[in-house]
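Me: Can you walk me through the charged pairs in this one? I'll jump around a bit.
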Amino acid sequence: MNQILTSLIEALKLITSLDREVYMIILLSLIVSISSTTIAALGAIPTGVFIGSKEFRGKKILVRLINTFMGIPPVVAGLVVYMILSRKGPLGFLDILFTPAAMIIAQVLIIFPIVTGLIISAVKSKVKIIWETGKGIGLGDGKILRLLFHECRYPIISAIIAGYGRAISEVGAITLVGGNIQFRTRVMTTAIVLETGKGNFDIALALGIILLSISFVINYIAHRIQENR
Amino acid sequence: MKVKIESIRKIYNEKEVVHVDHYQFSEGKIYAIIGGNGAGKTTLLRMIAGVEQPTKGTIYYNGQPHIDHEKVSYMPQQIYLFDTTVLKNVSLGIDKGKQSSQRIQEALEYVGMNEFSNKNALQLSGGESQRVAIARLLVRKRELILMDEPSSSTDITGNKLLADYMRRVNKLERSTIIFVTHNPALASKVADECVFMASGKIVEAGTSKDVIYSPKTPELKTFIENWRI
């Protein structure tokens, strides 16, 4: 108990001391998670709205596949990206393994199915009644699609936030493809694992507090958005 | 608009839910489709509205086998109002212009919702939502108006408003109005013609007074007797 308290005090000191490495780690964590969430959302929104609102052959299998990938173990995603980006892999020529770019790719692979799956569910629950109501008052398909998007905006925002939550807390995949290199690919989660292993609980705890604070702020914003609807 | 039904059948999971050999809805009249639960009323109306396709057979609109949604207004059983103001909900299906603003105001006044025009539609009660949906539907000048249980959530005043408004629109614009109802009182008050359905078939049809006050078939007699209780 005493050790936890001491670590907590040390952690607070570290946060307020403007330690360069700590702030580099925070900055890189935010860059990687925000970039991967943005890229995943840009692909997931049209994909989710399309799959959720249209009927086509193979839709059921596709949805099941997406649902399966929603629970993909991050290390598996990391392994796949590692193999693709490694020197002998199909995209090895890009030479981006052990860089933030590789970490972003791995996170996109993890969160894209999550955001897409959640958007599909949201759209699916409303598409029938919105389509019927829209057709009933003579609206065109484009206008109905815009209305559908408008009506699903809150669940879409929630889906993106859920994706971001997964990205910022992810550790397995980015350790594999990033390598946890100091000042280059070290982010909060990988640093926590490293510092805990080394017995530096104060640094690990400081990063844990920051990670929790960021999650709290994101959740607070999401809550406010939902409340203002 | 004249609507002619030719040998339509609707089959769900190998069960026939609607089977109508021939029926014609004449232009400029008000029709009520009555019947108990599972009689096929809603399915028939949905097929006429073009939001569901018959398994077999054809529906002709002024002799054409295809529906023109621009000429038809349809209100589904499940009311859906969009997450915006009452005014915007009502004006969704009508082209912008001075005349349309007048029509919107008139429709809102008629259903007693003019004071709520700037309120968010999601904050309304069930009865109020239904009134807004009716205003949204009736504000449009259309040749065919279809309503599924328009009085299911309205009170006595709401029913009177609905009846008066249907009569008015029918008289001024010569629209054909077909509505589904469980309420024979509303049918006898508003409709020129009444269609009684049981087990997916049209069992009896004729003027509202004849159908409701002088039933011939045992099914209709039982339905009317149960209603009187």
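Reply: Start in helix α5 (residues 156-173) of chain B. K160(B) and D164(B) sit 4 residues apart there, so about one helical turn separates them. Bear in mind that this is a predicted model.

Me: How far apart are the closest N and O atoms of K160(B) and D164(B)?
Reply: 2.8 Å, and the two form a salt bridge.

Me: Which residue does R167(B) pair with?
Reply: D192(B), in a salt bridge at 3.6 Å, N to O. D192(B) is in the loop between α6 (184-190) and β8 (193-198) of chain B, while R167(B) is in helix α5, so the bridge ties together parts 25 residues apart in sequence.

Me: What about E52(B) and K10(B)?
Reply: Their side chains meet in a salt bridge at 3.9 Å, N to O. E52(B) lies in the loop between α1 (41-49) and β4 (56-61), and K10(B) in strand β1, so this pair links parts 42 residues apart. Both residues are buried. They also belong to a salt-bridge network with R46(B) and E132(A).

Me: Switching to the interface. How many salt bridges between chain B and chain A?
Reply: 2. D83(B) and R153(A) form a salt bridge at 2.9 Å, N to O.

Me: And how much area is buried between chain B and chain A?
Reply: About 1,700 Å², with 61% from carbon and sulfur atoms. Y80(B), F82(B) and D83(B) supply 37% of what chain B buries against chain A, more than any other three residues.

Definitions and conventions
Residues numbered from 1 in each chain as written. Chains lettered and ligands numbered in written order. Predicted model: local features only at pLDDT ≥ 70, side-chain atom pairs only at ≥ 80, totals over all residues. Heavy atoms only, no water. Buried area = accessible area lost by both parts, 1.4 Å probe. Salt bridge = Lys/Arg side-chain N within 4 Å of Asp/Glu carboxyl O. Helix = DSSP H or I, 4+ residues; strand = E, 2+ residues; numbered from the N terminus. Buried < 20%, exposed > 50% of the residue type's maximum accessible area, 1.4 Å probe, protein only.
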